[in-house]
Amino acid sequence: LEGGEESEEEKTYRDVLKTHILNHGLEEVFLHSETSHSEILSDKYNPPRYRLLWDISRPKSGTEHIFNCMMNYAINNESETFEDTCPHLTTVTQRLLACFIKHRGLLAVAFNTHERDTPCNELIEMYEAIFEIRQNLTASRDRRKSANGEDK
């Protein structure tokens, strides 16, 4: 594919976009403009695995252990980002977790890993990528607040 020159964002995140972290492939879903909201939520467009990913992105009963496994890994490995309890950061983290699980094809692995288990290497690699993003978001937020003279 050819297009215009790379934007600054594309140049900055080129390595992230080409990493094997996001290599599980794309799934095409074709929706027509006449598709109603209730049809989109039906099994035709929303198979059970997508509902499970949605539940992971906003932990509900039955999926909260997936997020907790990641946070336990952070605590056990002394990651600095787990201490930040900003609700927005938690929401972004939950969404990232669901996104990475989907794009790495790790739904079954993540679902079957329990809080007391040692995560497999694929999950650890995913967790570390998410914590790096969290750390960058936190640093960016803190820089913005300090530039504005606000408390953290």
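Modeller: Keep in mind that this is a predicted model. Let's begin with helix 4, where Y50, L53, D55, I56 and S57 are buried.

Biologist: OK, and what covers the buried residues of helix 4?
Modeller: The cover includes helix 5, helix 6 and helix 7.

Biologist: How do the axes of helix 4 and helix 6 cross?
Modeller: They cross at roughly 150° and come within 7 Å. Angles over 145 degrees count as roughly antiparallel, so that is how helix 4 and helix 6 run relative to each other.

Biologist: Which residues make that contact?
Modeller: Helix 4 brings Y50, L53, I56 and S57, while helix 6 brings Q94, R95, L97, A98, I101 and K102. By type, the contact has six nonpolar, two polar and two charged residues.

Biologist: Switching topic: how many residues are in the largest nonpolar core?
Modeller: There are 25, and I56, M70, L97, I101, M126 and Y127 have the most contacts inside it. Helix 4, helix 5, helix 6, helix 7 and helix 8 each give two or more residues to this core.

Biologist: What does M126 touch, leaving out residues up to four places away in sequence?
Modeller: L97, F100, I101 and L106.

Biologist: One more, T93. Where is it, and is it buried or exposed?
Modeller: T93 sits in helix 6, residues 87-104. The relative accessible area of T93 is 0%, so T93 is buried. Again leaving out residues up to four places away in sequence, T93 touches F67, M70, I130 and R134.

Definitions and conventions
Residues are numbered from 1 along each chain as its sequence is written. This is a predicted model: local features need pLDDT of at least 70, side-chain atom pairs count only at pLDDT 80 or more; totals for chains, interfaces and linings use all residues. Side-chain values use heavy atoms; hydrogens and water are left out. Helices (H or I, at least four residues) and strands (E, at least two) are DSSP runs, numbered from the N terminus. Buried means under 20% relative accessible area, exposed over 50%, partly exposed in between (1.4 Å probe, protein chains only). Contact means heavy atoms within 4.5 Å. A nonpolar core is a set of buried Ala, Val, Leu, Ile, Met, Phe, Trp, Tyr and Cys residues joined through side-chain atoms within 4.5 Å. Axes are lines fitted to C-alpha atoms, for helices over the stretch in contact, and angles run from 0 to 180 degrees between N-to-C directions. Angles under 35 degrees count as roughly parallel, over 145 as roughly antiparallel, 65 to 115 as roughly perpendicular and the rest as oblique. Ala, Val, Leu, Ile, Met, Phe, Trp, Tyr, Cys and Pro count as nonpolar, Asp, Glu, Lys and Arg as charged, and the others, Gly among them, as polar.
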